[in-house]
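Subject: Structure for you to look at

Hello,

I am passing on a structure that you have not worked with before. Please open it alongside this email; my notes follow below.

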Amino acid sequence: MSDTIASSYKTSKAIKSTFIYIMMVLFAAIAVVPVWVMLVNATRTTAQINMGLSFLPSTHAIENWKILTGRDFQIWQGFFNSAIISVCSTTLCVYFSALTAYGIHVYQFKGRKILQGLIMLLIMMPASLSFIGFYQFMARLHLTDNFLPLIIPSVASASTVLFMKQYLESILSLELVEAARIDGATEFMTFNRIILPIIKPALATQAIFAFVTSWNNFMTPFVLLSSTKKYTLPMLVQMLRGDIYRTEYGGIYLGIAVSLIPIIVFYAFMSRSIIGGLTMGSVKE
């Protein structure tokens, strides 16, 4: 009887494991196949793309690159502009959001609950609701066609503050902060030297989200920037869909593929910090 129960248990476990593996493969295919098709199309000509779908790369990547760079497509300038905006906005967003979350979590002050409710309200509010007012405000300050309106507002990121606050509530003990104060550490020293290393996985996670959001942002730079030399890479890729490049689908796919390289590199770099922080946090002193 016990052998029958054990055998049925193993069979049920094997079926569940097989189902889980099948679902994982399916989800992986859903995520990978569109990217692979994009990379394949980046190596094909327009005629080949119009013929239908293909999963095998072609040999026309160099031709598409010449088409991409030979029609006033300033790809390296776009890389440089996007990198400045994304790196600066990500740094400001992650650091000041963590600092705000730390202050809300550690300090007991009047209006603390109201501030938390305000953060939740800002998260639920659509970003497009304040876009017109934001543009008018930047125009009055004469900051249009400037990188500052694309960088400075990232300091106030309600969703990042909420994530950091919840993370601090789950791992940070206030006794650690009190011990640092007793040892004579200032508040900023405590935050920079003690808190930041502890919340390294959360910082890396939010840095990935902030960088991808800033790098892929098209609408805000499109409205604020007017000089071609200040165009970001998504704006330049959008220019490929104009009348001149309408039939050059290979160049369009190659431009999109090139724009994804920094995101992949940044994710690979920051994911190491997430894993390293989790591993370090799992060891008890």
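A crossing of two helices is called right-handed if the near helix is turned clockwise from the far one by less than a right angle, and left-handed if the turn is anticlockwise. That term comes up below, where two of the helices are described. Please keep in mind that this is a predicted model.

Overall make-up

The protein has 14 helices and zero strands. Read from the N terminus, the order of elements is α-α-α-α-α-α-α-α-α-α-α-α-α-α. The chain has 285 residues, and 35% of them count as buried. Taking contacts between residues at least 6 apart in sequence, 72% join residues that are at least 24 apart.

Helices H9 and H10

H9 covers residues 174-182 and H10 covers residues 187-198; their axes lie 10 Å apart and the packing angle is about 140 degrees. Angles over 145 degrees would count as roughly antiparallel and those from 65 to 115 as roughly perpendicular, and H9 and H10 are therefore oblique to each other. The crossing of H9 past H10 is right-handed. On the H9 side, the contact is made by Leu176, Val177, Ala180 and Arg181, while H10 contributes Glu187, Thr190, Ile194, Ile195 and Ile198. By type, these contact residues divide into six nonpolar, one polar and two charged.

Helix H11

H11 takes in residues 200-216, which is 17 residues. At 1.5 Å a residue, this helix should span 24 Å, and the distance of 24 Å between its end C-alpha atoms agrees with that. The buried residues of H11 are Pro201, Ala202, Leu203, Ala204, Gln206, Ala207, Ile208, Ala210, Phe211, Ser214 and Trp215.

The loop between H6 and H7

Two residues here have a backbone angle worth checking on your screen. His142 sits in the loop between helix H6 (131-140) and helix H7 (148-151). His142 is not a glycine, yet its phi is positive, at about 60 degrees. Asp145 is also found in the loop between H6 and H7. Its phi is positive too, at about 55 degrees, and Asp145 is not a glycine either.

For Asp145 the value is 17%, so Asp145 counts as buried.

Regards

Notes
Residues are numbered from 1 along each chain as its sequence is written. This is a predicted model: local features need pLDDT of at least 70, side-chain atom pairs count only at pLDDT 80 or more; totals for chains, interfaces and linings use all residues. Side-chain values use heavy atoms; hydrogens and water are left out. Axes are lines fitted to C-alpha atoms, for helices over the stretch in contact, and angles run from 0 to 180 degrees between N-to-C directions. Helices (H or I, at least four residues) and strands (E, at least two) are DSSP runs, numbered from the N terminus. Angles under 35 degrees count as roughly parallel, over 145 as roughly antiparallel, 65 to 115 as roughly perpendicular and the rest as oblique. Contact means heavy atoms within 4.5 Å. Ala, Val, Leu, Ile, Met, Phe, Trp, Tyr, Cys and Pro count as nonpolar, Asp, Glu, Lys and Arg as charged, and the others, Gly among them, as polar. The expected span of a helix is 1.5 Å times one less than its number of residues. Buried means under 20% relative accessible area, exposed over 50%, partly exposed in between (1.4 Å probe, protein chains only).
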